[in-house]
Amino acid sequence: MNAISPDDHAEPAADALADAQAELEEDIVFGRLHPRQRLTEDELMERFGLKRHAVRQILAELEALGAVEKKRNIGAVVRAFSAREVMELYALRQVLEVHAASQIPLPVPQARLAALVAVQREHDAAVADGDARRVFRSNQRFHRELFGLLDNTVLGQAIEEYARRTHPIRFGSLASPGYRERARQEHWAMIHALRDGDRDALMALCRDHLLPSRDAYLASERARLGA
């Protein structure tokens, strides 16, 4: 009879894996885990009650999303972005999102505009409650609904992919109540531009909406490096 390795086990429930991955991602997004901080498998196994192969799967998923990177002789660490990488990522996001805003059919059907308003009211409530986790998730839903108005699946997937790649960059702005309120107001301005058929305003809002997250991360890195 073959010996059973400590890491041999039944597969964990998909929900347990998804919940652990979401929690670890949020720790990175909200700055509870810092750029370059090491993520040890043993600590994660103990924290989430998962076996080693499940923790490795989570780390691989977060690496694919750009939140974690593997370092030789170190292991997994929270990804840190150079100033150049931040600028390039946000420049690409601007191209994608402003282009999407230029292509959304106007006027927007009332039912689809109402769906966007409903999501934004969830975001309003999260901002009012000071609940960063709900702010983050409702903000994701708002932008998914917004760019879903384009009915271009490929462009929508590209926008969502590069938004996810910048999640670890966003902790500086998510921690700021002032930024959360600014983002909330800009969401409503986007809704009004859609309602009024004001494409120029919508494109400008989509361009400028990205800048505070970028700038907060760069400022944090400059402070950390003593620049």
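Predicted model: local features only at pLDDT ≥ 70, side-chain atom pairs only at ≥ 80, totals over all residues.
**A walk through a mostly helical chain**

Let's start at Asn 73, which sits in the loop between strand 2 (68-71) and strand 3 (75-78). Residues are numbered from 1 along each chain as its sequence is written, and side-chain values use heavy atoms, with hydrogens and water left out.

Phi of Asn 73 is near 70 degrees, a positive value in a residue other than glycine. Asn 73 is also exposed, at a relative accessible area of 78%; exposed means over 50%, buried under 20%, and partly exposed in between, using a 1.4 Å probe on protein chains only. Asp 151 has a positive phi too, near 55 degrees, and you'll find Asp 151 in the loop between helix 6 and helix 7. Its relative accessibility is 59%, so Asp 151 counts as exposed. Pro 107 belongs to the loop between helix 4 and helix 5.

Now zoom out. The protein chain has 11 helices and three strands, and reading along the sequence gives α-β-α-α-β-β-α-α-α-α-α-α-α-α. Its C-alpha trace spans about 70 × 45 × 35 Å along the principal axes. Of the 227 residues, 43% count as buried. Among contacts (heavy atoms within 4.5 Å) between residues at least 6 apart in sequence, 74% join residues at least 24 apart.

Two helix pairs are worth a look. Helix 1 (residues 14-29) packs on helix 6 (residues 132-148) at an angle of about 100 degrees, with the axes 11 Å apart. The axes are lines fitted to C-alpha atoms, for helices over the stretch in contact, and the angles run from 0 to 180 degrees between N-to-C directions. That angle makes helix 1 roughly perpendicular to helix 6, the label for 65 to 115 degrees (under 35 is roughly parallel, over 145 roughly antiparallel, the rest oblique). Ala 22, Glu 25, Glu 26 and Val 29 of helix 1 meet Arg 133, Phe 136 and Arg 137 of helix 6. By class that gives three nonpolar, no polar and four charged residues; Ala, Val, Leu, Ile, Met, Phe, Trp, Tyr, Cys and Pro count as nonpolar, Asp, Glu, Lys and Arg as charged, and the others, Gly among them, as polar.

The other pair is helix 2 (residues 41-48) and helix 3 (residues 52-64), which pack at about 105 degrees with their axes 9 Å apart. That puts helix 2 roughly perpendicular to helix 3. On the helix 2 side the contact uses Glu 41, Asp 42, Leu 44 and Met 45, and on the helix 3 side Arg 52, Val 55, Arg 56 and Leu 59. The tally is four nonpolar, no polar and four charged residues.

What about the interior? A nonpolar core is a set of buried Ala, Val, Leu, Ile, Met, Phe, Trp, Tyr and Cys residues joined through side-chain atoms within 4.5 Å. The largest such core has 24 residues, and those with the most contacts inside it are Ile 104, Leu 146, Leu 194 and Leu 202. Helix 4, helix 5 (110-129), helix 6, helix 7 (153-165), helix 9 and helix 10 each give two or more residues to this core, and helix 9 supplies the largest share, five residues. Apart from this core lies another, of 20 residues, among them Ala 20, Ala 54, Leu 59 and Leu 65. Leu 146, leaving aside neighbours within four places in sequence, touches Ile 104, Leu 116, Met 190 and Leu 194.

Finish at helix 10 (residues 199-208), whose buried residues are Leu 202, Leu 205 and Cys 206. They cover an arc of only 100 degrees around the axis, so they are on the same side of helix 10; the arc is taken from the directions from the helix axis to the C-beta atoms. These buried residues pack against helix 4 (83-103), helix 6 and helix 9 (177-196). Take Leu 205, with a relative accessible area of 17%. Leaving aside neighbours within four places in sequence, Leu 205 contacts Glu 186, Ala 189 and Met 190. The C-alpha atoms of Leu 205 and Glu 186 are separated by 7.0 Å, though the two residues are 19 apart along the chain.

Methods
Helix = DSSP H or I, 4+ residues; strand = E, 2+ residues; numbered from the N terminus.
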